Amino acid sequence: MTEFEERHQPPPDTEGTGEEGASHPDRFGSDEPQGDTGTTAAAATTELGAPPPIDHAPPGRPPREDLPPNITETGTATGWDEAADLSKDPAVIPDPAEVDVPDELRRAIESAMAQYPDRRSASIPALHAAQAVHGWCSPLALRQVAAVMQVTPAFLSSVASFYDQLNENPVGRNSVYVCTSVACVMARAKRVYEAIAKAGEDLEDTQIREFECLGACDMAPMASVNGRYIGPLEESDAEEIVDAIASGRPVLPGRGLGDPDYRLPWGGRA
Amino acid sequence: MSMTELRLLQHINEDGLASIDGYERFGGYQALRKALDMNADEVLSQLEESGLRGRGGAGFSMGKKASFIPKGTMDKYLCCNADESEPGTFKDRLLMQKNPHLLIEGIMIAAYAGDINRAFIYIRGEYELQAQILAQAIEEAKERGYIGERVLGSDLSCSLVLHRGAGAYICGEETGLLDSLEGKRGNPRLKPPFPANQGLYQGPTLINNVETLCNVPAIVSNGVDWFKSVGTEKSTGTKVVSVSGSVQRPGNYEIELGIPARDIVYGLAGGPPEGVEIKCWFPGGSSAPVLMPEDLDLSYDFETMAEAGSMLGSGAIIVVGDDIPIVDLALRLAEFYRHESCGKCTPCREGTNWTVKMLERIDHGEATPMDLEIMAQIQENIMGNCLCVLGDSMAMPIGSMIKKLRPEFEEHMERARLAREDPNKEIVLGAPDLASSGSSGLEAIS
């Protein structure tokens, strides 16, 4: 039994087993005796103070066959209906002596922490740095950052799960964000995304995803490939983009924001 | 406005402007020198008198906001909001990429006026190129003594840190930005206390948009009267507008506040492509209620846009052509806000989700005319009921679309319903060319 479990043990049964159902307030704080004490008393006699045992597993996600085909589940957070596992140890700050951190990563995190009055402000730069080393915010990466920053991995996980650019799943080191927000979608960005996603189906170590407004509506439809903005794109560019990423070549040279002499199709400068 | 009157974008395409030598060649950092020779209170009152209003969205007087910063010897903070994520907006991207020192100079002058000792630039994580350019510019400015202890021998001591975000629209909301800068999830905070009193690390904090701060050096250099010589009485100065969508020349244009919107959309941006008419337009980013083509003759300034039931917002004009089905656009917009809702307040978290589901019902032919009422009601239940305005930012445009383009919603609903009943039946309702593109999903604009 862990220390945490010991602290959270239900009180021992010292008062015999006579009238628990009536003398013990029910779980919702009512002092009224239970109307029908049959089941309550039976449950309470098994272990005083603990909620009645559940004889079935937590329901989990309900089957979705009952929904019409158009109702998507994308907006539903997972895990909301799963009970918390109280037998687990609470999160602790990792001991720096026990965690091996690559020197370069340690330096990056420490120099980030030095910039702020509060070291926790460095969580995003630190996670960016760890993601650059590990490819994603893996449990090991979180543990390393937590050891250097002296925060819990759970705190870092709360941060990593909030931001779109931090990944808690191994999605790949290369990123292709295709903007499908308002202005881009009016310029047929969905088709561009589908073309790139199809062409890049077998592309390894690369995340191809739709992204919300990247702030380049003058380049619509556009995409950000490893942070470099390219556009306007056509569906026919998909193969070239994927090939360039696969072979490590620059992607669409001359058509990226900041390239020398980059021009919008109508001749304007961006 | 002729080209010679450009202010923020005057030298924007000059080679080497992003370097400190290039910037100084065009008179850079002279305003900071001038400001440091003045009394800090004088600088503050100049900013207040100039009538400069926040360019990020809310349009609050910049000088007034700075004057709320309490006096005292505690740490005070300035956060430059460079988390430009409002769909349609890309003006700060241009300013930071081409003229980073203008922003740095503006920050240092504002820091002097507000007696601030720690400044941060919160730039969105997606702006990789701009972050690199800014980081380089900050190093150069530090070397020349424009940032740091006792700037140019004056009383001003202020650090400047570039902080990169990681992709969250909500971090552009000022209190969400503060939480994110403190290293947490970017959840907005309850106001009051306002950031001017308890902001970053619970200290007094001034938060300003990039473009607002970029206006500061010229006000100090040229004076209040010069600044107010263009614009309207309550919307002074110039504004960089980002025009996108169904126009021939999308891009950033600097305009004098108060010119007719038609001059921007048709004059500068070239109007919609041939064969396309304007269906509606967003005057200030995707969060602004839509206006109709006849509203294009309105004067483009803060007051007039508010009177017309919309807002100038971030100054991002998104033009929607009549080839774009409005239901599909509304759905895409609602999906954006659903994705970006932080989930802290129930009306926003649930309201954005249900709006998406109801728009999908319309698109799949399962909706009844009552659904439009319910959807409009959902929007009303979101507005004003959350800690921040993200929910309102969806409720306002969607509500305005339902109100102003209701026949199109009804027709889309009816067409989708008929298509669902009998997929093979040809549907003739005499409307835009929806029939050719089918009525389900985002096919029509995808």
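Modeller: In this predicted model, 57 residues of chain B are in contact with 46 residues of chain A. On the chain B side, the elements that give two or more residues are α5 (91–98), α7 (128–143), β3 (159–164), β5 (238–245), β8 (316–321), α13 (326–340) and α14 (346–363), and of these α13(B) gives the most, with 6 residues. By class, this side of chain B is made up of 19 nonpolar, 21 polar and 17 charged residues.

One of the contributors, β3 of chain B, also belongs to an open sheet of 4 strands, in the order β3-β2-β1-β4 and with parallel pairing. Because β3 and β4 (205–209) of chain B stand at the edges with a single partner strand each, one side of each is left without a neighbour in the sheet. Neighbouring strands here are turned by 20° against each other on average, direction ignored. Within the sheet, β1 (residues 77–82) and β2 (residues 118–123) of chain B pair in the parallel sense over 6 bridges, and Asn81(B) has Tyr122(B) in β2(B) as its bridge partner. Helix α8 (residues 174–181) of chain B lies across β1, β2, β3 and β4 of chain B, running at about 110° to β1(B).

As for the domains, the assignment for chain B gives domain 1 (3–228), domain 2 (238–321) and domain 3 (326–445). The C-alpha centres of domain 1 and domain 2 of chain B lie 26 Å apart, and their contact takes 17 residues from domain 1 and 18 residues from domain 2. The domain 1 side of that contact divides into 6 nonpolar, 5 polar and 6 charged residues.

Note on methods:
Residues numbered from 1 in each chain as written. Chains lettered and ligands numbered in written order. Predicted model: local features only at pLDDT ≥ 70, side-chain atom pairs only at ≥ 80, totals over all residues. Domains from an automatic or database assignment. Contact = placed C-beta atoms within 7 Å. Nonpolar A, V, L, I, M, F, W, Y, C, P; charged D, E, K, R; others polar. Pairing = 2+ DSSP bridges. Axes fitted to C-alpha atoms, helices over the stretch in contact; angles between N-to-C directions.
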